[in-house]
2 protein chains.
Amino acid sequence: MIIVQKFGGTSLSDEYSRQHVLRHIRREKAEGHRLVVVVSAMGRRGEPYATDTLLDWIAQNGNSLPDREKDLLLSCGELISAATLCSLLNREGIPAVALTGGQAGIRTDARFGFARIVDVNSARILEYLEEDKVVVVAGFQGATEDGEVTTLGRGGSDTSATALGAALPAGIVDIYTDVDGILTADPRMVSEARPLAMVSYEEICNMAYNGAKVIHPRAVEIAMRAGVPVRVRSTFSEGLGTLVTHADSVRRQGGWTDRTVTGLAHVKGVTQLAVETDNGPSDVQLRVFRAMALSGISVDFINVTPAGVLYTVTDQDAPQAVRLLEEMRFSARVRSGCAKVSVIGGGMNGEPGVMARIVEALTAANIPILQSADSNTTIWVLVAEDDMVPALQALHAAFGLHLAPTR
Amino acid sequence: MIIVQKFGGTSLSDEYSRQHVLRHIRREKAEGHRLVVVVSAMGRRGEPYATDTLLDWIAQNGNSLPDREKDLLLSCGELISAATLCSLLNREGIPAVALTGGQAGIRTDARFGFARIVDVNSARILEYLEEDKVVVVAGFQGATEDGEVTTLGRGGSDTSATALGAALPAGIVDIYTDVDGILTADPRMVSEARPLAMVSYEEICNMAYNGAKVIHPRAVEIAMRAGVPVRVRSTFSEGLGTLVTHADSVRRQGGWTDRTVTGLAHVKGVTQLAVETDNGPSDVQLRVFRAMALSGISVDFINVTPAGVLYTVTDQDAPQAVRLLEEMRFSARVRSGCAKVSVIGGGMNGEPGVMARIVEALTAANIPILQSADSNTTIWVLVAEDDMVPALQALHAAFGLHLAPTR
């Protein structure tokens, strides 16, 4: 089986992490698998070849790099990581080659800084795999038809990994992180949080969109379309982490038989704006959202009623949003310092009473719900920021997430 | 006119040098020239993106990088320099692009670490020049037909510059260094040494081959074949440095009307070996040179006579050379700590009495000549290392090199 492994930016920074990386590679090799390993640039600012260090260097030198050249520069970070791992593997007697994103066949459009993958030609990787080599690929980058070097933007290396996994195709894509998989909640907020055995592509996307620090939705989408299973697992253990796959596979394998809710996510720093329409013109709603859009302010949690408009913006955007409302002479109530708590579960679709259980849990904990919204797989509640941690803990307990099956 | 400028590894390391680099670029732009600027990696070990720093990093991480990947890694050094200069230029309001060697059209064979340029396609550079952009090219590197990144080995960035100069073609290739051009001798040995106004391609090659730290012969050869003039000049002054061109141009422009000898070069650390053939087998010479060649020992200054074989090796190779001779039971006189002094001049061809003047000058200075050799443009003498500096000074004076015309 072909396995794509992706290691993050910190995995090559110190000897301890490097040894763990080598262990995962040796183990899969020993089991007869063929390996493509995607690496990110070194992570921490100040490390010689970290992305931020490269950007700091340019900031000190003119600070005027066009996007095209910035991509060319940043691509070196991953390239150096790839060469580093290649050297470590060869020392261990594991034949390896290092490829740039372009050499690995990742073709992108020319939107420098946030290029989209348009095609992956895996022929060259397959040739090297035939030669029994570990193929180390510089993540986060690709090349245009014309040979321009591009970077993929946020979640870039995850995207490189799943795109290669989809093209080869790989039997599985393993995303190695510093946690044991995808957790039911952020463990800094909920100490009972635990890794899930299995989640669906849709669930993990929902978690990511709602603030959980997991694999990037772009990367998940590519895996989902190709039907390549993804595992999110720890660099530092032998645990199998969380399997991400199609909802029907999760269902078939019993992933949801005993759960309605899969996990919780949260976003802090939210401001709620309530605009009253009673005495205003009839097109208040239209004018509000048009003004926000023209100023590039993202709005969320929108609730339109005859009595008014309720919506949220980030605390950063709030002053400008308020100014815009004042310019239009709309009266608005402003509530800053809120948090959005998301209750996510592919199994809640059609399941009655989920909202009731949320309200019950939060009421019992004396937490006022400032606003709510729901889709078929997620329910969102807005609470005061001070209530966020108690809300997460109450909901975690109420849905029995501390009992979620792990592997 | 298209001008190719090449700046070395130290030119981007500090603010002072950077300002001088920008000055040269601004000046040529102001005169209406179109510019291609080739840059090396930062020079000094310890600087974040210097070649040696990258190699040190790998030495600490497995130290087992295959040649192909080593080239991929090292190419980042020049790439970062190119991005840096591009940023500096854009800040100055001078539109610039940065290209890898491959993007600049430099096609090479696949001999990683010492690739040869097989073709230069300048179409892309010409397009950017049409857009009135300064084209910054990462030196020292190219790419194969298959998109493999290669490095050009020693003198690589000079070679990039003259190869681009030949392909475009450029009106001139300016090699910026930290001296005012090609000097009549090493100024650390001969304080009267001064920059030459003009030398021929052949002369500069001879100087380089004989130990002078000037532009690499590979680079000169490419310029010579294409007939592109090269200037070797200082980053830190406005001096025009030394023009390197065809011998007949030098002659036509009066470069040799008043000179027989153009300059002096020297190599220290030479061991002279004298093998006597009197009592040995008849194939002594053959066996000596075959043994040296099989052991990878470079021999120089070869003098074969019926009485024996006289030749030189480096001091480093000497112990092994002596051991090989002993194994063959040849008796050899060994004289280590010698120096080779080269007297170079395109104008000495057919000029009588040059050797006589050399002998006269050295005899007057009480310097024994241990051995000599000559070609049509160079005369070599071997002296004791202690005699090297006095020999250089005596010859410099004898040929009136302190009067050489500069620009």
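A polar contact is a pair of N or O atoms within 3.5 Å; within protein, one of the two must be able to donate a hydrogen and the other to accept it. The legends below describe a predicted model.

**Figure 1. The two domains of chain A.** The domain assignment divides chain A into domain 1, residues 2–252, and domain 2, residues 263–399. Taken over C-alpha atoms, the centres of domain 1 of chain A and domain 2 of chain A lie 34 Å apart.

**Figure 2. Where domain 1 of chain A meets domain 2 of chain A.**

**Figure 3. Polar contacts between the domains of chain A.** Across the interface of domain 1 and domain 2 of chain A, 8 residue pairs are in polar contact, with both residues at pLDDT 80 or more. The count of salt bridges across this interface is 0.

**Figure 4. The interface of chain B and chain A.** Here 40 residues of chain B are in contact with 40 residues of chain A. The area buried between chain B and chain A is about 3,200 Å², with 59% of it on carbon and sulfur atoms. Which three residues supply more than any other three of the area that chain B buries against chain A? They are Tyr49(B), Trp57(B) and Asn61(B), which supply 18% of that area.

**Figure 5. Salt bridges and polar contacts between chain B and chain A.** The interface of chain B and chain A has 2 salt bridges. One of them joins Glu148(B) to Arg124(A), and the closest N and O atoms of this pair are 2.5 Å apart. Polar contacts link 22 residue pairs across the interface of chain B and chain A, both residues of each pair being at pLDDT 80 or more.

**Figure 6. The side of chain B that touches chain A.** Four elements of chain B give two or more residues to this side: helix H2 (51–59), helix H3 (67–91), strand E3 (96–99) and helix H4 (123–130). H3(B) gives the most, with 14 residues. By class, the side of chain B that touches chain A is made up of 22 nonpolar, 11 polar and 7 charged residues.

Methods:
Residues numbered from 1 in each chain as written. Chains lettered and ligands numbered in written order. Predicted model: local features only at pLDDT ≥ 70, side-chain atom pairs only at ≥ 80, totals over all residues. Heavy atoms only, no water. Domains from an automatic or database assignment. Salt bridge = Lys/Arg side-chain N within 4 Å of Asp/Glu carboxyl O. Polar contact = N/O pair within 3.5 Å; in protein donor to acceptor, adjacent residues only side chain to side chain. Contact = heavy atoms within 4.5 Å. Buried area = accessible area lost by both parts, 1.4 Å probe. Nonpolar A, V, L, I, M, F, W, Y, C, P; charged D, E, K, R; others polar.
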